[in-house]
Amino acid sequence: MSNTPVVQSDSYLTLHYRIVVESGPGAGSVFIDTFGGRPATLQMGMGQWAPGMEQVLLGRPEGDCFSESLSPEQAYGERNPDLLQWVSHEMLKQHAGDDAAFESGDMVSFAAPNGGQYSGIFKEISDRGALFDFNHPLAGSQLRIDVDLIGVI
């Protein structure tokens, strides 16, 4: 019987990982890659990764290296058209300042009523206001994750 630790729902992991966009917006691009630098840490069950992404880690032994393709539903979900929203010029000035200039694709943070923050990707500006996409950047994309599980506690 092996004493090699395996990933549990509350494990603390040290790992290298790469997220590759296989289809959807940004297909063919690498979203993040830690293999060329310091390993990452991940506390399972804390919302650092989407639940479906954590699911593919469960039960895997320390030292395991693998790749897994994930549908949008397993990763960050489908794109929600309701999350494309217009922000008034006044609100934009309040959060970004009077002289802020944005280019399509810029990530802009807004203060939430509860004191937290939320971010959107700037799409366009018009007399109506500014259009932002508040979907997760990887929503609607099929992903491949490449993982090297270095340590499991």
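**Exercises on ring geometry**

In this predicted model, the charged end of Arg 60 sits over the ring of Phe 66, 3.6 Å from its centre; a charge counts as over a ring if NZ of Lys or CZ of Arg is within 6 Å of the ring centre and within 35 degrees of the ring normal. Residues are numbered from 1 along each chain as its sequence is written, local features need pLDDT of at least 70, and side-chain atom pairs count only at pLDDT 80 or more, while totals for chains, interfaces and linings use all residues. Side-chain values rest on heavy atoms, with hydrogens and water left out.

**Exercise 1.** Classify the pair of Phe 102 and Phe 122 as stacked, tilted or edge-to-face.

*Solution.* Rings of Phe, Tyr and Trp (its six-membered ring) pair if their centres lie within 6.5 Å, and planes under 30 degrees apart count as stacked, over 60 as edge-to-face and the rest as tilted. The centres of Phe 102 and Phe 122 are 5.5 Å apart and their planes stand at 35 degrees, so the pair is tilted.

**Exercise 2.** Determine whether Phe 102 and Phe 122 are buried, partly exposed or exposed.

*Solution.* Buried means under 20% relative accessible area, exposed over 50%, and partly exposed in between (1.4 Å probe, protein chains only). Phe 102, at 23%, is therefore partly exposed, whereas Phe 122, at 5%, is buried.

**Exercise 3.** Classify the pair of Phe 110 and Tyr 118, and then the accessibility of each residue.

*Solution.* With 5.6 Å centre to centre and 20 degrees between the planes, Phe 110 and Tyr 118 are stacked. Phe 110 is buried at 1% relative accessibility, while Tyr 118 is partly exposed at 33%.
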